[in-house]
Amino acid sequence: MGSIEKILVTGATGFLGSKILQKLLAIGYNPVILVRTTSNLWRIENIISQCEVFTIEENGENIEDLFDLYNVTSIIHTATEYGRDKPLSTLLKTNVIFPIQLIEYGLKKELKLFINADTFFAKPQFEQDYLNQYTDSKRILEKLLKGLSMLLAVRNVRLEHIFGENDSDSKFVTTIFNQLVRNEPEILLTDGYQKRDFVYVDDAAEAFVNILQKTNNKKGYIEFQTGLGKSVSVRALVEEMAKLTESKSVLKFGALQNRVGEIPDSFADLSELTKIGWKAKYDLSSAIIKMIKLTK
C-alpha cells in the first residue's frame with residue numbers, strides 16, 4: 001500500500017469533487033478520498049468501492065495517519081465551507097487550517113503537488129460584502145499557498161460559476177432550473193444584468209485532471225482560471241434555461257433587489273489552461289440540454 005503513489009481527493013462527496021473522482025476512476029486512478037462519519041455519500045455511492053477511503057475523526061487529529069498509510073504524492077483539494085450560518089472559526093478550520101495541515105503532513109512524506117480549488121469571488125479586483133468571510137478565507141489560503149510553493153508545486157484553480165446536475169438545491173442555477181422544470185407560476189429574480197462566466201461542472205472537473213496529468217511537479221505557484229473565457233448575463237442564462245426546458249413559468253426580472261456590492265462581471269483568462277491543451281466541451285446550451293436529460 002505504502003509504495004504505490006496515490007492521489008488524495010478532498011471534498012470527494014461534494015458537487016465538484018465527485019465529478020473529479022468519476023473522471024479519475026474512468027482513466028485508471030485509484031484515489032484516496034476523505035470522508036467523515038457524518039458525510040452524505042449519495043453522489044459517490046456507486047463508485048466509492050473503487051476508492052481507498054480514509055475516515056477523518058471529527059477533530060481531524062488522525063490526519064497524519066493518512067500519510068503513514070498511503071504514499072500521497074498529489075492532492076486535489078476541493079473541500080470548502082461557505083460559512084452560511086456557521087461560526088467564523090469553523091470556516092477558517094475548513095478553508096485555511098485543514099489544507100495547510102495536509103500540506104505540512106504531506107511534506108514530511110512524499111507530497112509533491114497540491115491542486116487547490118479557488119473561486120472567482122476572491123479575485124484581487126473584487127471587493128464585495130456578499131460571502132465576505134468565505135472570500136477572505138480563500139484569500140488567506142491563496143497567500144499562504146504562494147509562500148509554500150517554494151516547497152512543492154502549487155496549482156491554484158480559480159473557478160468561475162460552475163453549474164450542473166447534482167449541485168446543491170440552494171445554489172442559484174439549480175434553484176432556478178428546478179423551478180422552471182416544475183413550471184412554477186412565477187419566478188422572482190433581480191434585473192439579471194450581472195454577468196458571469198458559467199462553466200459546466202464536467203468541463204471544470206476535466207481541467208483538474210488535465211492539470212494533474214499535463215503539468216510537471218516543478219515547485220512554484222501557477223494559477224489556472226477556469227471557465228469559458230467569456231461572460232453572459234444572468235438574465236440570458238435564465239432565459240436560455242426557460243427556452244430549453246419549455247417552461248411555462250413567468251420570469252419576473254426586477255422583482256428582487258440586487259445584492260449590495262455584487263460583482264458586475266467576471267470571466268476567466270484561459271491562457272494557462274490553453275497551454276496544457278484544455279478546451280471546454282460544453283457551451284451554455286449543450287450543458288443545459290445535458291442537465292435536462294439527466295434529470296428526467
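I worked from a predicted model, where local features need pLDDT of at least 70, side-chain atom pairs count only at pLDDT 80 or more, and totals for chains, interfaces and linings use all residues. Residues are numbered from 1 along each chain as its sequence is written, and side-chain values use heavy atoms, with hydrogens and water left out.

**Gln 194.** I found Gln 194 in the loop between β8 (186-188) and β9 (195-196); strands are DSSP runs of E, at least two residues, and helices are runs of H or I, at least four. I looked up its accessibility: at 11% relative accessibility, Gln 194 counts as buried (under 20% relative accessible area, 1.4 Å probe, protein chains only). Its side chain makes a polar contact with the side chain of Thr 190 at 3.4 Å (N or O atoms within 3.5 Å, one able to donate a hydrogen and the other to accept it).

**Helix α3.** I checked residues 88-107, which form α3. α3 bends by about 35 degrees at Ile 97, and Pro 99 follows within four residues. The bend is the angle between axes fitted to the seven residues ending there and the seven starting there. Its buried residues include Leu 91, Phe 98 and Ile 103.

**α5 and α7.** I then took α5 (172-181) and α7 (234-245): their axes come within 10 Å and cross at roughly 35 degrees. Axes are lines fitted to C-alpha atoms over the stretch in contact, with angles from 0 to 180 degrees between N-to-C directions. Residues making the contact include Phe 172 and Ile 176 of α5, and Leu 237 and Met 241 of α7.

Note on methods: Buried < 20%, exposed > 50% of the residue type's maximum accessible area, 1.4 Å probe, protein only. Expected span 1.5 Å × (residues − 1). Contact = heavy atoms within 4.5 Å.
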